Amino acid sequence: MDKFVIEGGERLKGTVKISGSKNAALPLIAATILQKGQYTISNIPRLRDVTTMIKLLSILGGKIEWTGQGTLLIDTTGVENHIAPYELVKEMRASQLVLGSLTGRLKRATVSYPGGCAIGERPIDLHLKGLVALGCDVKIREGYVEVTAKALKGGRITFETVTVGGTENMLMAAALAKGETIIKNAAREPEVVDLARMLKKMGAAIDGEGTEIIRIRGVKDLRPCSYEVIPDRIEAGTFLAACCITRGNITIEGCMPEHIGAVIDKFRETGMEIICDGSTVRASMTKRRPLSVDVKTIPYPGFPTDMQAQIMAPMTISKGVSAITETIFENRMMHVAELRRMGADIRVIGNTAIVKGIETLSGAKVMATDLRAGASLIVAGLAAYGTTEVSRIYHIDRGYEKIEEKLRGLGAKITRRRDENLGP
Ligand code: UD1
């Protein structure tokens with residue numbers, strides 16, 4: 001098992017290039033199941049979650065290979081197996097994204113029922129209700145969700161809660177259904193829009209992606225396509241947090257600033273100067289300490305839950321008191337206890353963290369409990385006095401491509417080392 005060792009105190013300077021979005025790439029890979037044939041998907045980040053999705057697709061009968069930097073050649077002609085096994089689904093919850101595409105293609109899907117996760121219960125009841133609305137029969141048996149359908153038909157789906165994965169599964173299942181499907185209270189996240197765009201390139205008839213109401217007119221056939229994944233908005237946001245806490249001056253290239261509007265607004269409130277120019281964001285932290293800001297996570301276009309942990313890091317050394325409220329997941333405050341080990345003054349009341357800014361954090365041994373919590377500990381370590389060791393970084397490797405190399409390119413002192421204390 002590896003750990004990151006960070007010597008804090010370097011101001012980040014220079015240019016960093018953003019990778020393709022993990023959360024967009026995973027559903028796009030799942031969508032290739034829908035129609036047999038050869039796909040080329042580019043700008044895919046090399047990450048553990050992507051490797052898990054590749055394994056899953058191979059188990060289902062697909063052939064996948066990397067061809068060059070960040071490009072996957074996928075052939076789904078041989079997909080005949082409809083079972084996504086426990087061993088893979090427990091590794092990665094996004095495995096559920098094959099529910100929609102397997103059902104669309106094979107009219108059946110058996111997917112291990114995902115268990116709880118470090119950040120919350122994360123049920124899939126809304127995905128299943130949606131599939132029932134499209135004419136599927138859904139049973140839970142021996143820890144698996146078994147979906148079967150004689151024929152998929154269009155239906156009306158109103159999600160009680162905005163669900164990204166649920167909306168994505170419905171887009172895929174409805175693409176080949178007979179008749180029209182209307183999804184109300186649909187997720188508007190850029191990753192949902194990216195999936196809709198790829199499905200449209202495959203010949204699907206979809207309208208309204210990016211709004212609360214999506215209409216899908218089922219078509220008889222789709223065709224394989226080539227597609228390029230959007231940049232990772234959360235990675236871009238994480239570098240903004242790192243710039244903010246280190247009083248840095250960085251240029252973020254290859255991102256889509258329009259996808260991080262709420263995040264940019266918040267960082268501007270902390271005193272950071274941010275200039276967006278096409279796919280480039282220039283950020284410079286002009287204040288010695290960030291000003292405190294209140295944050296509440298909300299579905300897109302609100303402030304993303306995937307940035308909550310990272311913005312908390314600069315708030316720990318802010319001037320003032322900040323209230324950070326998590327409304328999407330019930331247990332997404334695990335980084336708080338670790339940040340406290342670095343001296344942060346944080347109290348959690350219900351789903352709100354009250355963060356009282358202090359002058360400096362002090363380096364400590366801390367543990368990543370999940371992907372974004374891990375990222376927040378790196379961000380904190382960059383500005384802490386002394387050495388910070390972040391263990392269990394396999395969580396971070398799930399979602400950030402070469403984060404230590406990119407940070408080193410900006411002048412950070414961060415190295416990956418073997419963690420002898422934690423076994424293999
Ligand atoms: C969520 C985030 C997404 C983030 C991802 C990984 C939102 C709206 N979604 O997507 O931005 O990238 O986590 O961190 O911010 N829910 C149910 N029943 C369901 C499905 C969801 O009750 O069947 C609830 C969840 O428990 C959660 C909320 O709906 O409270 C949003 O979940 P959902 O969007 O489905 O989760 P992800 O797709 O994982």
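## Helix α1 and the enclosed spaces

In α1, the buried residues are Lys 22, Ala 24, Ala 25, Leu 26, Pro 27, Leu 28, Ile 29, Ala 30 and Ala 31. Buried means under 20% relative accessible area, with exposed over 50% and partly exposed in between (1.4 Å probe, protein chains only). The helix spans residues 22-31, and nine of its 10 residues are buried. Helices are DSSP runs (H or I, at least four residues), numbered from the N terminus.

This is a predicted model: local features need pLDDT of at least 70, side-chain atom pairs count only at pLDDT 80 or more, and totals for chains, interfaces and linings use all residues. Residues are numbered from 1 along each chain as its sequence is written, and side-chain values use heavy atoms, leaving out hydrogens and water.

At the start of α1, a side-chain oxygen of Ser 21 comes to within 3.3 Å of the backbone nitrogen of Asn 23. Ser 21 and Asn 23 also line the second largest cavity, together with Lys 22, Glu 191, Asp 232, Arg 233, Ile 234 and Arg 372. Both α1 and α8 supply at least two residues of that lining.

The structure holds two cavities of 30 Å³ or more. A cavity is a set of points on a 1 Å grid over the protein atoms alone where a 1.4 Å probe fits but cannot get out; a pocket is an open set with protein on both sides within 12 Å along at least five of seven lines; lining residues have an atom within 4 Å of a point. Points are joined across faces, edges and corners, and a volume is the space filled by probe spheres set on them.

| Space | Volume | Lining classes |
|---|---|---|
| Largest cavity | about 40 Å³ | eight nonpolar, one polar, no charged |
| Second largest cavity | about 30 Å³ | one nonpolar, two polar, five charged |
| Second largest pocket | about 260 Å³ | four nonpolar, three polar, six charged |

Nonpolar covers Ala, Val, Leu, Ile, Met, Phe, Trp, Tyr, Cys and Pro; charged covers Asp, Glu, Lys and Arg; the others, Gly among them, are polar.

The largest cavity is lined by Thr 238, Phe 239, Ala 242, Ala 375, Ile 378, Val 379, Leu 382, Ile 403 and Leu 407. The most come from α12, with four.

The second largest pocket has 13 lining residues. Nearest its centre lie Ile 245, Arg 247, Arg 288, Ile 317 and Ala 383. Here α8 (233-246) and α12 (371-383) each give at least two residues to the lining.

Notes: A polar contact is a pair of N or O atoms within 3.5 Å; within protein, one must be able to donate a hydrogen and the other to accept it, and residues adjacent in sequence count only if both atoms are side-chain atoms.
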